[in-house]
Amino acid sequence: MPRSVPAVRRPPSLTSQLGLTERIFIRGEDRELAAAVDAGLAEVEEGLHREMRFADNLADVTARYLLEAGGKRVRPMLTLLAAQLGRGATPEVLQAARAVEITHLASLYHDDVMDDSQMRRGVPSAQFVWGNSVAVLTGDLLFARASKLVSALGERAIQLQADTFERLCLGQLHETIGPQEGEDPVAHYIRVLEDKTGSLIAVAAQMGVVFSGAPEEYEQPVVTFGEKIGVAFQIIDDVIDLSPKGVAETGKTPGNDLRAGVATLPVLRLQERAATDPEAADLLERLERDVIGTADEGPATPEATAAIAALREHEVTQQTLEEAHRWAREAVEALAPLPDGPVKKALVRFADTIVERSS
């Protein structure tokens, strides 16, 4: 029986919702660029609420559920920022930014079903409220709506969207089946991140270049930047999953991903050490017994909470942070062919902000 729809707060303003524009722009230096991106984000947000309406009453509620729960709008911001390398926020750029964000939202509905997540963006997940079937079909509806927007942009946009959608599906498939015999688990995990997260962030930046008429030679640098910053983004999420700050700040309870059985980099690194490090082996045993895959057993036990805290304090979590920063550095290095100026500086600060976030 579907649960009643919870009250979802809509953020009071776009700036407070994102938090990113205040950190990636130095207002005194980048006033015009910041104003252009802010204005573009406002148009994107307005368009999202318009484009995600459905004539069917149930679909209209379920489709806008996660949109109205908030979100950082990382991908459309990157589209708009990359577009400043060309003619800026053209109507085509705005449409591409909306399509990318709707694609991202669609993927969240599916992810929560695959991971059996009960919370998303500080509210009960769609699959928890309406059940798996409604959540999956809502994700499908949003993928269809994103495709409709993309189709109006022409063959190039359709190809970019199709390639990205394929990678999203492959990433989810590989995450679901896990590493094959003889495959390095960490390499497998990074490949999943590149497909599930990096691909969509990369195409967000690429569409900003393509549909603003920016020079073609800027495409590959922003694609590489997006791929690498996407991996960094997800690795940081693995650390945030261990945060003791709770639902109010992160939208998740500590160890939410671990309890759902989702592989995370700190655990993978711990598994590497367990073969030769008795302390790591002991902690891994505690996690496997009390934490990993226990989401269906109710709230976390005191033993689970203690094991999550121990993992948070273990050096493998610091190693994970360092890996995220390495990916971010490589993302910044990929920007070398871009012209020096406020856009490049903002992209560098964008990378810094991604790896310094706590939610």
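Start by selecting Arg73, which is buried, with a relative accessible area of 2%. (Buried means under 20% relative accessible area, exposed means over 50%, and partly exposed is in between, using a 1.4 Å probe and protein chains only.) What you have open is a predicted model, where local features need pLDDT of at least 70, side-chain atom pairs count only at pLDDT 80 or more, and totals for chains, interfaces and linings use all residues. Residues are numbered from 1 along each chain as its sequence is written, and side-chain values use heavy atoms, with hydrogens and water left out.

Stay on Arg73 for a moment. You'll find Arg73 in the loop between α5 and α6 (74-83). Helices (H or I, at least four residues) and strands (E, at least two) are DSSP runs, numbered from the N terminus. Have a look at the backbone too: Arg73 has a positive phi of about 55°, although it is not a glycine. Most residues other than glycine have a negative phi.

**Zoom out**

Now show the whole chain. It has 19 helices and two strands, and 54% of its 359 residues count as buried. Take the contacts (heavy atoms within 4.5 Å) with a separation of 6 or more: 75% of them are between residues 24 or more positions apart. The accessible surface, from the Shrake-Rupley method with a 1.4 Å probe, comes to about 15,600 Å², and 52% of that belongs to carbon and sulfur atoms.

**Rings**

How many aromatic pairs does a search of the whole structure find? There are three. Rings of Phe, Tyr and Trp (its six-membered ring) pair if their centres lie within 6.5 Å; planes under 30 degrees apart count as stacked, over 60 as edge-to-face and the rest as tilted.

Select Tyr65 and Trp130. Their ring centres are 5.0 Å apart and their planes are at 85°, so this pair is edge-to-face. Tyr65 sits in helix α5 (residues 65-68) and Trp130 in helix α8 (residues 126-130), so the pair links parts of the chain 65 residues apart. Tyr65 is buried at 3% relative accessible area, and Trp130 is buried at 12%.

Next, pick Phe225 and Phe350. Here the centres are 6.3 Å apart and the planes at 55°, so the pair is tilted. Phe225 is in helix α12 (residues 219-240) and Phe350 in helix α19 (residues 342-356), so parts 125 residues apart in sequence are tied together. Both Phe225 and Phe350 are buried.

Two arginines are worth a click as well. Arg145 lies over the face of Phe54, 4.2 Å from the ring centre, and Arg75 lies over the face of Phe233, at 5.9 Å. (The rule: NZ of Lys or CZ of Arg within 6 Å of the ring centre and within 35 degrees of the ring normal.)

**A loop stop**

Go to Gln118, in the loop between α7 (91-115) and β1 (119-120). Is Gln118 buried or partly exposed? Gln118 is partly exposed, with a relative accessible area of 39%. Leaving aside residues up to four places away in sequence, Gln118 touches Val123, Pro124, Ser125, Gln127 and Phe128.

**Last stop: α18**

Finish with helix α18 (residues 315-333), whose 19 residues reach 27 Å from first C-alpha to last. Colour its buried residues: Val316, Thr317, Thr320, Glu323, Ala324, Trp327, Ala328 and Ala331. They cover an arc of only 135° around the axis, which puts them on the same side of α18; the arc is that of the directions from the helix axis to the C-beta atoms. What covers these buried residues includes α11 (185-210), α12, α15 (265-274), α17 (302-313) and α19.

Conventions
Expected span 1.5 Å × (residues − 1).
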